[in-house]
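Have the 3D view handy as you read.

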Amino acid sequence: MSDHEYTPKSKFGKWFNDRLPLLTLANHLTDYPTPKNLNYWWTFGGILTFCLITQIVTGLVLAMHYIAHADMAFDSVEHIMRDVNYGWLIRYIHANGASMFFLAVYIHIFRSLFYGSYKAPREIIWIIGIIIYLLMMAAAFLGYVLPWGQMSFWGATVITNLFSAIPLVGEGIVTWLWGGYSVDNPTLTRFFTLHYLIPFLILGLVVLHIWALHVPGNNNPVGIDIKKPSKDTVPFHPYIVIKDGFALLMFMIVFAFFVFYTPNILGHADNYIEANPLVTPAHIVPEWYLLPFYAILRSVPDKLLGVVAMLSAILILAALPWLDTSKIRSAVFRPLYRQFYWILVADVLILGYVGAMPAEGLYLLVARVATAYYFLHFLVILPVLGWKEKTLPIPLSITEPILGGSPNLATAKNKESLNK
Amino acid sequence: MKNFFKIFSFIILFSGLSLSTQAAEKVEYLKTDWSFKGLFGKFDRAALQRGYQVYTEVCSSCHSMKYLSYRNLAEKGGPEFSIEQAKAIAASFEVKDGPNSDGDMFTRPGRLSDKFVMPYDNVQAAQAANGGAYPPDMSVLVKARGGGVDYIYSLLQGYEDPPAGVTLDEGVYYNKYMYGNKIKMANQLSDGLVEYSDGTRASVEQMSKDVTTFLMWSAEPHLESRHRMGFKAIVYLIILTILVYFSMKRIWSRIETEV
């Protein structure tokens, strides 16, 4: 793991470290050579770690007061909001924290897409990341069910019913998931158990994610392999720690604004109505972060194929390192890919928008076109682009452009003209 | 730093988007100034007390408020009745209690610790008494409706004669702010319906505003401390961010590069 031998200074430290090399680990983490040109899009890894810890800590406190019972869940949430000391604060941090977590993870994922961080030798980091993302969606969905409001109940009904699309055994699986013949108390208790379990699975995977990262080291905006440690790198502490810290604080300001001033804006009003199996809400919509996939699901007329499309939309990401055939990592040196990248961003935003609208008329048409384009991007455009695209020449090291005091792109172009 | 502003504006854009998608569905509601909006928003104490009066004298005959206790009426950040007043209010209600040592249920005057007395024993009784419609519990009603306070405020004043071509069944009324325009609650407010003890003229508009303010408090009883704490938290974060920014500049200056 470490690039150089480390020996603790004190006698006890050496004795301990020979038996459990925690100090070597700590030394590795602080000395970890990091590319010095990482921009602010790289700070979201640290921000995400903060989000996870925040969710776990606030979640633990909420679980002390929450009652996972169909007749008492809604009341217990109101009890938290009214009578538990600072219960409103804990709950609003947890509820908005989920949204902030997804906001950060989307930035993190799209940063990877732009700078080609998923490419060799970082495929395993990427795939672990996709698994974390899937688990996050599961945790968020399960958590949204727990307050047992109308959207909780009907969201759970709609999503669990997706499994009924599986031929032959579908209905049986749904009954098994519910623990009965409808979404009811057994469903709520198992959802609570799983909601409590998943964050710790995510935590374990985050450790693997970081471990896998520390083998090849960080990618960087220029996307080239660098020597470590060298003039191109800085030790993680204090350089990256302070920069991540600064970005985290900015993120926390936005977070705090949501928590203290518009705590319910990202939720749905119907979830303040207690679950009622006899009354279906006018529109059943998931939380904003799941909307693009919801749009894909609804854009396919067949239920089974819709579910397949939705799952493929996520799983296709895992195949990305092999779908993208370009040898160049960073979009900075891929003028065509850069344009398709932004089209993809727009496509996903459009999917999110139509996912929130009723699936009819123009919205449905737009959803279908956007869904088709989504798959086109990954299955056709990316592989073809890798073969056809004329990329810009890449610099040999990142030190030069930095010492020149100009943005990487300009320097690279400069260099190109000099080379001629 | 340039990139950093890009990210920040992206986040702002995202917040803006989430706000505008919510706004897209809105009907034009009646506007009024709410004292509890904004960074330092606080409840208008007198409006809360008047709103409580409207609730007890008008709404409470059909609508429950099951998450509120009489003690809440005297708590900080709410209507802030004195303890004596709150005790007197509680005592004016008959509360069912028991079983006693003989195994019988009995009634006694309410105490501060009691929840608000419900108008009906159960949902079925409420529906039976209201033509099949269940008058929703009002504790979190403001948060349970898309338009929030503006919606409730408008709805209370939105009763009209149905336009030509709209026929209404027995016990159904026309309200221009109601989803689908048909509502099973009759117009409840009329000028001078309640007599405010502080001498305020009880116009329909005034009563709507007062009772909506009261409902906002009942849905968000900790709103005032939330706003206070939010301001402190954000100011603290901004100062810390500035300090960390300069530390960062200092640290990175050692290696002659832009952050």
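A residue counts as buried if 20 or more other C-beta atoms lie within 10 Å of its own, as exposed if 12 or fewer do, and as partly exposed in between. Keep in mind that this is a predicted model. With that cut-off, take Tyr86(A): 14 other C-beta atoms lie within 10 Å, so Tyr86(A) is partly exposed. Tyr86(A) sits in the loop between H4 and H5 of chain A, and its phi is positive, about 55°, although it is not a glycine. Leu168(A) also has a positive phi without being a glycine, this time about 65°. You'll find Leu168(A) in the loop between H7 and H8 of chain A; it has 7 C-beta neighbours inside 10 Å, so it counts as exposed.

Chain A has cis peptide bonds to look at, too. One joins Ala120(A) and Pro121(A), with omega about 5°, and Pro121(A) is in the loop between helix H5 (87-115) and H6. Another joins Lys228(A) and Pro229(A), with omega about -15°; Pro229(A) belongs to the loop between H9 and strand E2 (233-235).

Now zoom out. Chain A contains 17 helices and two strands. Two of the helices are set out here:

| Helix | Residues | End-to-end C-alpha distance | Expected span |
|---|---|---|---|
| H14(A) | 22 residues (335-356) | 33 Å | 32 Å |

What covers the buried residues of H9(A)? The cover includes helices H3 (44-65), H4 (73-82), H6 (123-145), H7 (150-161) and H8 (170-178) of chain A. Among the buried residues of H9(A) are Phe191(A), Phe192(A), His195(A) and His209(A). In H14(A), the buried set includes Tyr337(A), Asp347(A), Gly352(A) and Gly355(A), and the buried residues of this helix pack against H11 (291-299) and H15 (361-388) of chain A.

Buried residues make up 40% of the chain.

Chain B is divided into domain 1 (25-68 + 115-221) and domain 2 (222-259). Their C-alpha centres lie 42 Å apart. Eight residues from domain 1 and five residues from domain 2 form the contact. On the domain 1 side, that contact has five nonpolar, one polar and two charged residues.

Terms used:
Residues numbered from 1 in each chain as written. Chains lettered and ligands numbered in written order. Predicted model: local features only at pLDDT ≥ 70, side-chain atom pairs only at ≥ 80, totals over all residues. Helix = DSSP H or I, 4+ residues; strand = E, 2+ residues; numbered from the N terminus. Contact = placed C-beta atoms within 7 Å. Expected span 1.5 Å × (residues − 1). Domains from an automatic or database assignment. Nonpolar A, V, L, I, M, F, W, Y, C, P; charged D, E, K, R; others polar.
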